[in-house]
Amino acid sequence: MIRTILTYPNPELKKKSAPVTIITDKIRELARDMAETMYDAPGVGLAAPQIGVHQRVIVIDVSPKDEPPNLIVAINPEIVHAEGDSYEEEGCLSVPRYAANVRRHAKVVVKALDLEGEEVTFQVDGLLAIAFQHEIDHLDGTLFVDHLSPLKKDIFRKKYRHMVEEARVGA
Ligand code: NI
């Protein structure tokens, strides 16, 4: 089922998500819905709080459009190692029509559980490393725009308020 994606400045996006203690059918259904919602958007990642569920579940698929899907579902993901620097442009389904460069680690090692409850380790770089950091941030109530410099963030806020108002007038 496609769920509604909450958008900035919805306060639900600022809340910290709780770890998943037992992987129930409900969690499996949540992961399925999240993947469906992400592909429909379309986007390369989605975290549960973006659909108003404050549980530590993320889905990611950064595979190019002309290649078969490669869905990653990570439960309770945790960055256990990070190195290098990256400064790439990011966007977010919860911050539509806005993109900005964000400082991240270039490589990360992420530990998580899969849908069977097995521990999995992802050793990733490039777009996938950025996606993991971006989605894990969501679980802690952090949006990519929170990483902007105070000046850039101020410009973003003003610009975004203006855009939201324009969209409302247009609707
Ligand atoms: Ni996002």
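Of the 16 residues in the largest nonpolar core of this predicted model, those touching the most other members are Ile58, Ile60, Phe122, Val124 and Phe132. At least two core residues come from each of β2, β3 (72-83), β6 (107-113), β7 (119-125) and α2. Helix α2 gives the most to this core, with six residues.

**Nonpolar core**

- In soluble globular proteins, nonpolar side chains tend to be buried together.
- Here the largest such core has 16 residues, among them Phe122 and Phe132.

**Largest pocket**

- The largest pocket holds about 550 Å³ of space.
- Its lining is made up of 22 residues, and the closest to the pocket centre are Pro42, Gly43, Val44, Gly45 and Asp61.
- Helix α2 supplies the largest share of this lining, five residues.
- Both β4 (86-90) and α2 supply at least two lining residues each.
- Sorted by class, the lining has 10 nonpolar, five polar and seven charged residues.

**Salt bridges**

- The structure holds 10 salt bridges.
- One of them joins the side chains of aspartate 33 and arginine 3, at 2.8 Å from N to O.
- This pair links distant parts of the chain, 30 residues apart: aspartate 33 is in helix α1 (residues 25-40) and arginine 3 is in the segment before α1.
- Aspartate 33 counts as buried because its relative accessibility is 4%, under the 20% limit.
- Arginine 3 has a relative accessible area of 23%, so it counts as partly exposed.
- Another salt bridge is formed by lysine 14 and aspartate 146, whose closest N and O atoms are 3.1 Å apart.
- That pair also links distant parts of the chain, with lysine 14 in the segment before α1 and aspartate 146 in the loop between α2 and α3 (150-170), 132 residues apart.
- Lysine 14 is partly exposed at 48% relative accessibility, and aspartate 146 is partly exposed with a relative accessible area of 25%.
- Arginine 56 and aspartate 140 form a salt bridge as well, with the closest N and O atoms 3.1 Å apart.
- Arginine 56 lies in the loop between β1 (45-47) and β2 (57-60), and aspartate 140 in the loop between α2 and α3, so this pair ties together parts that are 84 residues apart in sequence.
- Arginine 56 counts as buried at 12% relative accessibility, whereas aspartate 140 is partly exposed, with a relative accessible area of 30%.
- Salt bridges that share partners join Lys14, Asp146 and Lys153 into one network.

**Backbone features**

- Most residues other than glycine have a negative phi, and most peptide bonds are trans.
- The peptide bond from tyrosine 8 to proline 9 is cis, with omega near 5°.
- Proline 9 sits in the segment before α1.
- A cis peptide bond also runs from alanine 41 to proline 42, with omega near -10°.
- Proline 42 is located in the loop between α1 and β1, and this proline is among the residues closest to the centre of the largest pocket.
- Asparagine 76 has a positive phi, near 50°, and is not a glycine.
- Asparagine 76 belongs to strand β3.
- Phi of arginine 97 is also positive, about 60°, in a residue that is not a glycine.
- Arginine 97 lies in the loop between β4 and β5 (100-104).
- Arginine 97 counts as exposed because its relative accessibility is 58%, over the 50% limit.

Methods
Residues are numbered from 1 along each chain as its sequence is written. This is a predicted model: local features need pLDDT of at least 70, side-chain atom pairs count only at pLDDT 80 or more; totals for chains, interfaces and linings use all residues. Side-chain values use heavy atoms; hydrogens and water are left out. On a 1 Å grid over the protein atoms alone, a cavity is a set of points where a 1.4 Å probe fits but cannot get out, and a pocket is an open set with protein on both sides within 12 Å along at least five of seven lines; lining residues have an atom within 4 Å of a point. Grid points are joined across faces, edges and corners, and a volume is the space filled by probe spheres set on the points. Helices (H or I, at least four residues) and strands (E, at least two) are DSSP runs, numbered from the N terminus. Ala, Val, Leu, Ile, Met, Phe, Trp, Tyr, Cys and Pro count as nonpolar, Asp, Glu, Lys and Arg as charged, and the others, Gly among them, as polar. A salt bridge is a side-chain nitrogen of Lys or Arg within 4 Å of a carboxyl oxygen of Asp or Glu. Buried means under 20% relative accessible area, exposed over 50%, partly exposed in between (1.4 Å probe, protein chains only). A nonpolar core is a set of buried Ala, Val, Leu, Ile, Met, Phe, Trp, Tyr and Cys residues joined through side-chain atoms within 4.5 Å.
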